[in-house]
Amino acid sequence: ADLKPVRKFEGATLPHKAIAVSGDGKTVAAGGDDLQLRLWSTADGKPLAVLALPAAIMSLKLGTDSTKILVGSADGVLRNYALTTLDGKPQLVLNHESRGHAAGPVRVAFTAGDDRAVFTAGADQKVMRWHGADYETRRTLAAGKRPLYDLAVSADGKRLAAACGDGIARAFDMEKGERVGEPKGQTRPVQAGPLRPGGQGLAHHGRACGRPPLSSRRCRSTIP
């Protein structure tokens, strides 16, 4: 059956580059080339707030509710906003601004059950782990020789996968600070690299890699 939209969230004047839904399902956030961070209510599609940012929005993550809105932007900066009410009107307020990456765009991720451990990847070929209380870096790893296009984190926050511009999806043990897997086989930049919940299976461009037996004959690599 054809899918039909049940709600439309409008207002952007240029293409969206990122979209996210809060953990409680009440809020949608989106942003892109028009530099506008926009929030809507999922209940009725009405806009909640809009804020102009200094650079294009490339990645978005929302916490369990709209009190944490993480934005990775084209200027290489990680920003943390909160939706608050001032004078009876909802407004977006900047809580933290972290400049650990030397170049953008920055991609953002955190674990499914804990939005306090924040992870980023950037065009400076680095992946970083941040502490959600003070947004100071806790670990920085070199992840290749080309810009990073995407990242994914296992449910326990111990494994991270980075999709790299050199055609390789790399997996890391973030506790030990070590590379644990490097599935190859792509001749073009890897655009996405989701992890299985246990962190030992990696899909890149739709080709799944994991412990034997492999879920795809075309994939030749495993993650220890």
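**Strand pairing and local backbone features in the predicted model**

Residue T137 is located in strand β12, which spans residues 137-142; strands (E, at least two residues) are DSSP runs numbered from the N terminus, as are helices (H or I, at least four residues). The structure is a predicted model, in which local features require pLDDT of at least 70 and side-chain atom pairs count only at pLDDT 80 or more, whereas totals for chains, interfaces and linings use all residues. Residues are numbered from 1 along each chain as its sequence is written, and side-chain values use heavy atoms, with hydrogens and water left out.

T137 counts as partly exposed because its relative accessibility is 36%, the classes being buried (under 20% relative accessible area), exposed (over 50%) and partly exposed (in between), computed with a 1.4 Å probe on protein chains only. With residues up to four places away in sequence not counted, T137 touches M128, R129 and W130, a contact being defined by heavy atoms within 4.5 Å. The C-alpha atom of T137 is separated by 9.3 Å from that of V118, 19 residues apart along the chain.

V118 in turn stands opposite W130 in β11. Strands β10 and β11 pair in the antiparallel sense over 5 bridges, where pairing requires that DSSP finds at least two bridges between two strands. These strands, β10 and β11, form a hairpin with 4 residues between them. Q125 lies in this turn and has a positive phi of about 65°, although Q125 is not a glycine. With a relative accessible area of 25%, Q125 is partly exposed. Strand β10 also pairs with β9 in the antiparallel sense, over 4 bridges, and A109 has F119 of β10 as its bridge partner. The β9 and β10 hairpin has 6 residues between its strands. Strand β10 is mostly covered, with 4 of its 5 residues buried.

Further backbone features occur in loops. Most residues other than glycine have a negative phi, and most peptide bonds are trans. L35, in the loop between β2 and β3 (36-41), has a positive phi of about 70° although it is not a glycine. L35 is partly exposed, with a relative accessible area of 28%. The peptide bond from G104 to P105 is cis, with omega near 5°; P105 belongs to the loop between β8 (89-98) and β9 (107-110).

S22 occupies the loop between β1 (16-21) and β2 (27-32). This residue, S22, counts as buried because its relative accessibility is 4%. The S22 side chain reaches the backbone nitrogen of K26 at 3.3 Å. Apart from residues up to four places away in sequence, S22 touches T27, L62, G63, T64 and D65.

Methods. Polar contact = N/O pair within 3.5 Å; in protein donor to acceptor, adjacent residues only side chain to side chain.
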